[in-house]
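The following briefing concerns one protein chain. Please consider the sequence and structure shown here before reading the notes.

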Amino acid sequence: MHRVWCNSAAAVGRSVRWYKSAVSPKTIQPSPELQREELQIAKAIGDERRQNEGIDSMPKDPTTLFLMEGRQMLAPLDDGGEVTLNMDTGLEGVFAIEIQNPEDSNCFTGRMMCRLEDAIREINKHPECVAVIVRGQGVHFCSGAAAQLATKHLLSAEQGLKMCRYMQTLLLELHNLPCISVAAIEGAAVGGGAELALACDFRIMSDEANIHFAHTHMGLSTGWGGGTRLTKLVGRRAAILLLCSGKPCGPKDATAFGLADRVADEGSCYRDALGFVKANFMQAPVPAVKGCKDIIAAAEILTPRTALLYEQNVFAGLWAMNARQKSLEKVRHGLVLPPVGLPSQPHPRRARHTTLQDGAPPPGAKMIKDA
């Protein structure tokens, strides 16, 4: 079995096209060692497929390869369900992905996995999108892969690996979207549904929700990236407890572990998620918010030196945009608070140094006598 590798640097690179029209700085590439390793893996996979299937050419990018072979296998598996993208949530620039298979606890069929890819691709086409909320239809968030995938369709280890690569790549792209992602968890987030929730930047739970890494009860491990993200999020010991015990985690424990960012007030968790986005991410210009998210995503997957260069790249693009100028105008006119260390009015003890052009003190200024 080949080692699974996702070209996450390429995924982040694709997510920053919204500001490259303003400036064309030098493109930041992964380190040569990373590129060599990626190409070796892609070549090994491509050579095997060419030998087995007689295919003359295969993509060199592992991300493209994993998405292509996964979609070819999963798209025909239509056992119902849908994944939709709502671009009219009532808040400008806020989209919503909805998992729609309520009769089966919103589990993912093969076709639904492909629809999730379509939704992520569509979000990347909209530079005005500042946030996306992921939710489930009905009473549950998501229960992972549908049982019929394992019992009926994907019976071999190779097919399971292709599905794993496909969903791992998709959730990585969701995680690395330049917009903010929030999981609105009502009911159960089980198995792959828990991994979907962890791929989002924030998780808001209803008081009756639970995050349940039930993989071990099914004789499996995490495979969509949830184990790696959980370990980074809560640490080694807590991750062992949550994964290996297979016990559900309610909102109180999830908040204590750091899995959940808040528990929704009574009512709709989705409405609470909209309010959370509005209160925290809609005050600043969209390009600046997305640029900062992009820097954070790059810092997770690039070497420190490359991440610093990438941060320069993002900053240069934003510097050239009108958003910065508009923000400065708001500061000058008192529409937003000035940054710390840049008071809008002179400190009283500095009044003696502030004069008009003719040398007279400003009107109403109180001069401080020297001691």
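**Briefing: helix, sheet and confidence**

At 1.5 Å a residue, helix α4 (residues 62–74), with its 13 residues, should span 18 Å, and its end C-alpha atoms agree because they lie 18 Å apart. The expected span is 1.5 Å times one less than the number of residues; helices (H or I, at least four residues) and strands (E, at least two) are DSSP runs numbered from the N terminus. This is a predicted model, in which local features need pLDDT of at least 70 and side-chain atom pairs count only at pLDDT 80 or more, while totals for chains, interfaces and linings use all residues. Residues are numbered from 1 along each chain as its sequence is written, and side-chain values use heavy atoms, without hydrogens and water.

**Burial in α4**
- Among the buried residues of α4 are P62, L65, F66, L67, M73 and L74; buried means under 20% relative accessible area, with a 1.4 Å probe and protein chains only.
- T63, E69 and G70 of α4 are buried as well.

**The sheet**
- Six strands form an open sheet of mixed pairing in the order β1-β2-β3-β4-β6-β9; two strands pair if DSSP finds at least two bridges between them.
- Its edge strands, β1 (82–86) and β9 (262–263), each pair on one side only.
- Strands β2 (residues 94–100) and β3 (residues 131–136) run parallel and are joined by six bridges, with I99 opposite G136 in β3.
- β3 and β4 also run parallel, joined by four bridges, and I133 has V182 in β4 as its bridge partner.

**Helices and the sheet**
- Five of the six residues of β3 are buried, leaving this strand mostly covered.
- From β2 the chain passes through helix α5 (residues 110–124) to β3 in a right-handed β-α-β crossover: with the strands pointing away from the viewer, the path from the first strand over the helix to the second runs clockwise.

**Confidence**
- The protein has an average pLDDT of 81, and 70% of the residues score at least 70; pLDDT is the predictor's confidence in each residue, from 0 to 100.
- Residues 1–29 have pLDDT below 50, and this stretch makes 77 contacts beyond near neighbours in sequence, a contact being heavy atoms within 4.5 Å.
- Where pLDDT is low, the predicted coordinates should not be read in detail.

Key. Buried means under 20% relative accessible area, exposed over 50%, partly exposed in between (1.4 Å probe, protein chains only).
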